[in-house]
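Welcome! Here is a short tour for anyone opening this structure for the first time.

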Amino acid sequence: WQQAKKLNVLMKEFNKIKEFFKLGKDVQLKDVLVLLKACKSFGYKKGELLLEQGTKENNVYFITKGLVRCFNINEKGEEVTFQLIKEYQLVGNIHFILFDEPSKFSYEAIENLKGYSISYNTLQKILSNNPKLESNRKLFFRKILKQAFGRVDSFVLLSPEERYKKYIKDFPGIINRAPDKHIANVLGITPVSLSRIRKRIASKK
């Protein structure tokens, strides 16, 4: 009964998943049914860690509800937030998946989380047995790289105010869900600078 309930929920999520990952039109629910069956549902409470810096954890998490903070603890022992990950996005140990290295980041639930997880080894086996899904795996890695390079580009090409405007446009509602210190970290500025940017923008309206 639990398995049937899980599949029913996952089937409802299928179109959202397909849209997010830009899966080809030829990919149907039957093609990913084996993948969906292999997924396990999870729940994390606010403040709990999904992945910890320095580990080779290889689970891939698909978030259906909640917000995750990706952060690094630097040599001074300070936590620096690199990314905020919301619904219908993936959390995974990219350093291990791509380079077989320990994670350089920890991933923390900053809201209560719900979603589905699967071992990357299991994921690889399923994808390799389905040509339609295998071809879409390349799109998944391209999405990760595009996201990483997009962040680098924004630091090089955009001013702090432009970065802030782009960020809230790309992630509507994020300012009401995450503390200012985390948003400031993601943008590469201080919380004081973030406050000044907001005041400056508000004064122009």
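Buried means under 20% relative accessible area, exposed over 50%, and partly exposed in between, with a 1.4 Å probe and protein chains only. By that scale Lys165, at 41% relative accessibility, counts as partly exposed. What you are looking at is a predicted model, in which local features need pLDDT of at least 70 and side-chain atom pairs count only at pLDDT 80 or more, while totals for chains, interfaces and linings use all residues. Residues are numbered from 1 along each chain as its sequence is written, and side-chain values use heavy atoms, with hydrogens and water left out.

**Confidence**

- The predictor's confidence in each residue is called pLDDT and runs from 0 to 100; the protein averages 83, and 78% of the residues score at least 70.
- Confidence is lowest in helix H1 (residues 2–20), with a mean of 60, and highest in S7, at 96.
- Helices (H or I, at least four residues) and strands (E, at least two) are DSSP runs, numbered from the N terminus.

**Salt bridges**

- Eleven salt bridges are present in the structure, each being a side-chain nitrogen of Lys or Arg within 4 Å of a carboxyl oxygen of Asp or Glu.
- Glu161 and Lys165 form one of them, at 3.4 Å from N to O. Both residues lie in helix H6 (residues 160–170), four residues apart, about one turn of the helix.
- An α-helix has 3.6 residues a turn, so residues three or four places apart point the same way.
- Is Glu161 buried or exposed? Glu161 is buried, with a relative accessible area of 12%.
- Arg200 also forms a salt bridge with Glu161, their closest N and O atoms being 2.8 Å apart. Because Arg200 lies in helix H8 (residues 191–204) and Glu161 in helix H6, this pair ties together parts that are 39 residues apart in sequence.
- Arg200 itself is partly exposed, at a relative accessible area of 37%. Through salt bridges that share partners, Glu161, Lys165, Arg200 and Lys204 are joined into one network.
- Elsewhere, Lys104 and Glu101 are linked by a salt bridge, with 3.2 Å between the closest N and O atoms. Lys104 is partly exposed at 40% relative accessibility, and Glu101 is partly exposed at 33%.

**Nonpolar cores**

- A nonpolar core is a set of buried Ala, Val, Leu, Ile, Met, Phe, Trp, Tyr and Cys residues joined through side-chain atoms within 4.5 Å.
- The largest such core has 16 residues, and those with the most contacts inside it are Leu84, Tyr167, Ile183, Leu187 and Leu194. Helices H6, H7 and H8 each supply at least two residues of this core, and the largest share, four residues, comes from H7.
- Apart from this core lies another, of 14 residues, among them Leu50, Ile63, Ile85 and Phe105.

**Helix H7**

- Which residues of helix H7 (residues 180–187) are buried? They are His182, Ile183, Ala184, Val186 and Leu187.
- Ile183 is in contact (heavy atoms within 4.5 Å) with Leu84, Tyr167, Ile174, Ile175, Ala178, Leu194 and Arg198, leaving aside its neighbours within four places in sequence.
- His182 is buried at 9% relative accessibility. Not counting residues up to four places away in sequence, His182 touches Arg69, Thr81, Leu84 and Ile110.
- The side chain of His182 also makes a polar contact with the side chain of Thr81, at 3.3 Å. A polar contact is a pair of N or O atoms within 3.5 Å; within protein, one must be able to donate a hydrogen and the other to accept it, and residues adjacent in sequence count only if both atoms are side-chain atoms.
- Just after H7, Gly188 takes a positive phi of about 75°.

**Helix H4**

- Tyr120, Leu123, Ile126 and Leu127 are buried in helix H4 (residues 120–128). They cover an arc of only 120° around the axis, which puts them on the same side of H4; the arc is that of the directions from the helix axis to the C-beta atoms.
- At the start of H4, a side-chain oxygen of Ser119 comes within 3.2 Å of the backbone nitrogen of Asn121.

**The loop around Asn112**

- Asn112 sits in the loop between strand S7 (106–109) and strand S8 (113–119).
- Asn112 and Tyr44 are 68 residues apart in sequence and 5.8 Å apart in space, C-alpha to C-alpha.
- The side chain of Asn112 reaches the backbone nitrogen of Lys46 at 2.8 Å.
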